[in-house]
Amino acid sequence: MKPPAFSYYRPESVAQALHLLSTVEGAKILAGGQSLIPMMNMRLARPDALVDINHLTELTSIQDVGDALEIGALVRHDELLRSPLVRRHAPLVAQAERLIGHPAIRSRGTIGGSLAHADPAAELPVLAVLGDWELIVSSQTQTRTISAGDFFLSYFVTTLAPEEMLLRIRLPKVSTYGHIAEYAIQAGDFALTIAATSVDVGPSGVVRECRIALGGVTDVPWRDKTIERQAIGQVAQDSLWKDISHTVAEAIDPIDDLHATSAYRRQLAEALLREALHRAAQPKPA
Amino acid sequence: MVSITLRVNGTVHQMDVEPRWLLADVLREHLKLTGTHLGCEQGVCGACTVLLNGQPARSCLTLAVTADGADITTVEGLAQNGQLHPIQDAFWQEHALQCGFCTPGFLMTAVHFLQDNPDPTRAEIKEALSGNLCRCTGYQHIVNAVERAAKNLREKSGEKESIQTSTVEG
């Protein structure tokens, strides 16, 4: 199992990379390669050309830009896991990173690659939709900012055009608590189902904000703001989380594949979501 | 062909590679460092794990061209002057290998893990090794070996010999 032949380009700048994407027929971006290379080894992907962006240091920073973190597309999972800025302002990302692959995968795989690859059972796309991340995307002619909720179209399909490249991701800083719960058959595998939550409980014990996103149940990360709003103004207690989780489980139509049936994923989603809501709403030590 | 430079176990190699060549194949076929094994070639089994600039990486999921300029440590770089690396020694002591196919990947994973976490719990060791598959020895002995290695390395570092100098240098 070896990759098929391709022509290889190693741009020295983002401008060069964008030029290559718009001029080289069939060019694909190679970032960490932790999804693309296995697909090429198995000949599921046969790109004519690879644009290797691993040397673009412009895309490797994590910056505090006031009300958000701006993270370069080439920042690797391991750096997200260790970054004090991420721990402080996007703690759910740091929590989720422990669930992504293994150390040898996390040292290579990137945030941009994970989002652009758009595996519906991957953690970062789910957190992107949960946290209303903004994706900053450029081509040679224009730059646009896409909300994560509009970015994912279907399994492995996003709104990125062939000549476009994801450059940076803007994560609004969070002051709410969150939790991610998932079930994978083996540690580090893609999860069968992921439930991610963020909950803001006021001093009186009443829910002020509630967000829910699921992964692995449909072709894109799942979120329903109407259901989220039902929690607002209610007392944060387990009976509420039980009801909300049940409502969500009734609302989804999970995928059926060789790893798990639709019915099983529905049960998983309900159980994981209850756990994730309960944990997110727990009072945290100061 | 693309000209690249790799520093492997301290020796600098300049060579011409096809872009499609995997780092694992360049190590094995061109540098004849056959200690790095290829199991699944899709990033699942961990047998091909090497250190790339000090970080564990799947050499079957890394193109050699992408690794241009990198500092690579393979299992051949662990033993020094005929002395087994403390982690290799612990694998031997604890019977942590049977056929040995998966061993290089486990060793390289463990080397990095113990640099990062010199005093791990058993649960942390299991998590750290969860990306490496073994089909014959059984994981208990491997976990035991990493536990013993951690202890030996901690004692050794008390003797002013850090794991860093014994694995990455030279």
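This is a predicted model: local features need pLDDT of at least 70, side-chain atom pairs count only at pLDDT 80 or more; totals for chains, interfaces and linings use all residues.
Start by selecting residues 1-176 of chain A, where an unreviewed UniProt entry places the feature "domain: FAD-binding PCMH-type".

**Stop two: the second largest pocket.** Next, show Leu81(A), Arg98(A), Pro103(A), Arg106(A) and Glu127(B), which are the closest to the centre of the second largest pocket among its 25 lining residues. The space in this pocket comes to about 610 Å³. To see the elements that give two or more residues to the lining, colour α3 (77-82) and α6 (103-106) in chain A, then β4 (55-58), α3 (103-116) and α4 (122-128) in chain B. Colouring the lining by class gives eight nonpolar, eight polar and nine charged residues.

**Stop three: a helix pair.** Now move to chain A and select α11 (residues 238-251) with α12 (residues 262-281). Their axes lie 9 Å apart at an angle of about 145°, and the crossing of α11(A) and α12(A) is right-handed. Show side chains at the contact: Trp241(A), Ile244(A) and Val248(A) are among those from α11(A), while the α12(A) side includes Leu273(A), Leu277(A) and His278(A).

How values were computed:
Residues are numbered from 1 along each chain as its sequence is written. Chains are lettered from A and ligands numbered from 1 in the order in which they are written. Side-chain values use heavy atoms; hydrogens and water are left out. On a 1 Å grid over the protein atoms alone, a cavity is a set of points where a 1.4 Å probe fits but cannot get out, and a pocket is an open set with protein on both sides within 12 Å along at least five of seven lines; lining residues have an atom within 4 Å of a point. Grid points are joined across faces, edges and corners, and a volume is the space filled by probe spheres set on the points. Helices (H or I, at least four residues) and strands (E, at least two) are DSSP runs, numbered from the N terminus. Ala, Val, Leu, Ile, Met, Phe, Trp, Tyr, Cys and Pro count as nonpolar, Asp, Glu, Lys and Arg as charged, and the others, Gly among them, as polar. UniProt positions are given in the numbering used here, feature names are shortened, and annotations may be inferred rather than shown by experiment. Axes are lines fitted to C-alpha atoms, for helices over the stretch in contact, and angles run from 0 to 180 degrees between N-to-C directions. A crossing is left-handed if the near helix is turned anticlockwise from the far one by less than a right angle, and right-handed if clockwise. Contact means heavy atoms within 4.5 Å.
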